[in-house]
Amino acid sequence: MFNGMDMYRRDKNVLDLITEAMKDERHDRVKYKKMMELAKNDKVRKQIEFAYKDEGKHYMMFKHIYYMLTGRECDIPVPKIEKIDCLLPAIESSINGELGAVELYRRIQSMLPTIQMRDMLFEIITDEQEHATRFVYLYSMLK
Ligand SMILES: [Fe+2]
Ligand SMILES: [Fe+2]
């Protein structure tokens, strides 16, 4: 555990950003599940499934980082998500979502105190960049 409550008092902001990230990961996982149900072919569904699986892993990684920083468990309830009844606009908004996540996670990465934590963010950031690329591919395939 890194410095427990001292860390919390000194830098509450990074914890706020981590809980925001956890909320986004939860949201995206639910969204991608719905998109997988809308996908008409396996090739498309597989591409979305990569991201779906990663978001579950990312949530657990952020949860672990939160615990290392505070000694406390943090859980975010599954959020309500927008209605999705058409795949293409959902793919388009996912590209922006993934790129937004990259920005937020770079900020979080720069605020983390250990190499181990920053390496975890590096892994998550490269995953999100991969998701964005997969969604760009799907968008150009389906439009
Ligand atoms: Fe993610
Ligand atoms: Fe993602």
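## The iron ion (ligand 2)

In this predicted model, the iron ion (ligand 2) is held by Glu55 (OE), Glu98 (OE), Glu98 (OE), Glu128 (OE) and His131 (ND1), with distances of 2.0 to 2.3 Å. If you want to find these donors in the sequence, look for the spacing E-x42-E-x29-E-x2-H. Glutamate 55 lies in helix α3, which covers residues 42–70, and glutamate 98 lies in helix α4, which covers residues 87–111, so this pair ties together parts that are 43 residues apart in sequence.

Are glutamate 55 and glutamate 98 buried or exposed? Glutamate 55 is buried, and glutamate 98 is buried too.

The iron ion (ligand 1) has Glu25 (OE), Glu25 (OE), Glu55 (OE), His58 (ND1) and Glu128 (OE) as its protein donors, at 1.9 to 2.4 Å. Along the chain, the donor residues follow the spacing E-x29-E-x2-H-x69-E. Histidine 58 belongs to helix α3 and glutamate 128 to helix α5, which runs over residues 115–142, so here the pair ties together parts that are 70 residues apart in sequence. Histidine 58 and glutamate 128 are both buried.

Which residue bridges the two iron ions, and how far apart do the ions lie? Glutamate 55 is the bridge between the iron ion (ligand 2) and the iron ion (ligand 1), and the separation of the ions is 3.6 Å.

## How α3 and α4 meet

Glutamate 55 and glutamate 98 also turn up where their helices touch: Val44, Ile48, Glu55 and Phe62 of α3 meet Leu87, Glu98, Tyr105 and Ile108 of α4. By class, this contact has 6 nonpolar, no polar and 2 charged residues.

The axes of α3 and α4 are 13 Å apart, and the packing angle is about 30°. Angles under 35 degrees count as roughly parallel, and α3 is therefore roughly parallel to α4. The crossing of α3 past α4 is left-handed.

What is the angle between α3 and α5? These two helices pack at about 160°, and their axes lie 10 Å apart. That angle makes α3 roughly antiparallel to α5. The contact between α3 and α5 is made up of 18 nonpolar, 5 polar and 8 charged residues. Their crossing is left-handed.

The axes of α4 and α5 come within 9 Å of each other and cross at roughly 160°. Here, too, the pair is roughly antiparallel. The crossing of α4 and α5 is left-handed, and the residues in contact comprise 19 nonpolar, 4 polar and 5 charged.

Take a look at isoleucine 65, which sits in helix α3. Isoleucine 65 counts as buried because its relative accessibility is 0%. Which residues does isoleucine 65 touch, leaving out those up to four places away in sequence? The list is Ile18, Leu112, Met117, Met120 and Leu121. Aspartate 28 is 37 residues from isoleucine 65 in sequence, and their C-alpha atoms are 19 Å apart in space.

Over in helix α4 you will find glutamine 109. Apart from neighbours within four places in sequence, glutamine 109 is in contact with Arg118, Leu121, Phe122 and Ile125.

## The loop between α3 and α4

Where does proline 77 lie? Proline 77 is in the loop that joins α3 and α4. With a relative accessible area of 63%, proline 77 is exposed. Proline 77 and glutamine 129 are 52 residues apart along the chain, and 25 Å separates their C-alpha atoms.

Key:
Residues numbered from 1 in each chain as written. Chains lettered and ligands numbered in written order. Predicted model: local features only at pLDDT ≥ 70, side-chain atom pairs only at ≥ 80, totals over all residues. Heavy atoms only, no water. Donors = N, O, S within 2.8 Å, 3.2 Å for Na, K, Ca; no water. Helix = DSSP H or I, 4+ residues; strand = E, 2+ residues; numbered from the N terminus. Buried < 20%, exposed > 50% of the residue type's maximum accessible area, 1.4 Å probe, protein only. Axes fitted to C-alpha atoms, helices over the stretch in contact; angles between N-to-C directions. Parallel < 35°, antiparallel > 145°, perpendicular 65-115°, else oblique. Left-handed = near helix turned anticlockwise from the far one by under 90°. Contact = heavy atoms within 4.5 Å. Nonpolar A, V, L, I, M, F, W, Y, C, P; charged D, E, K, R; others polar.
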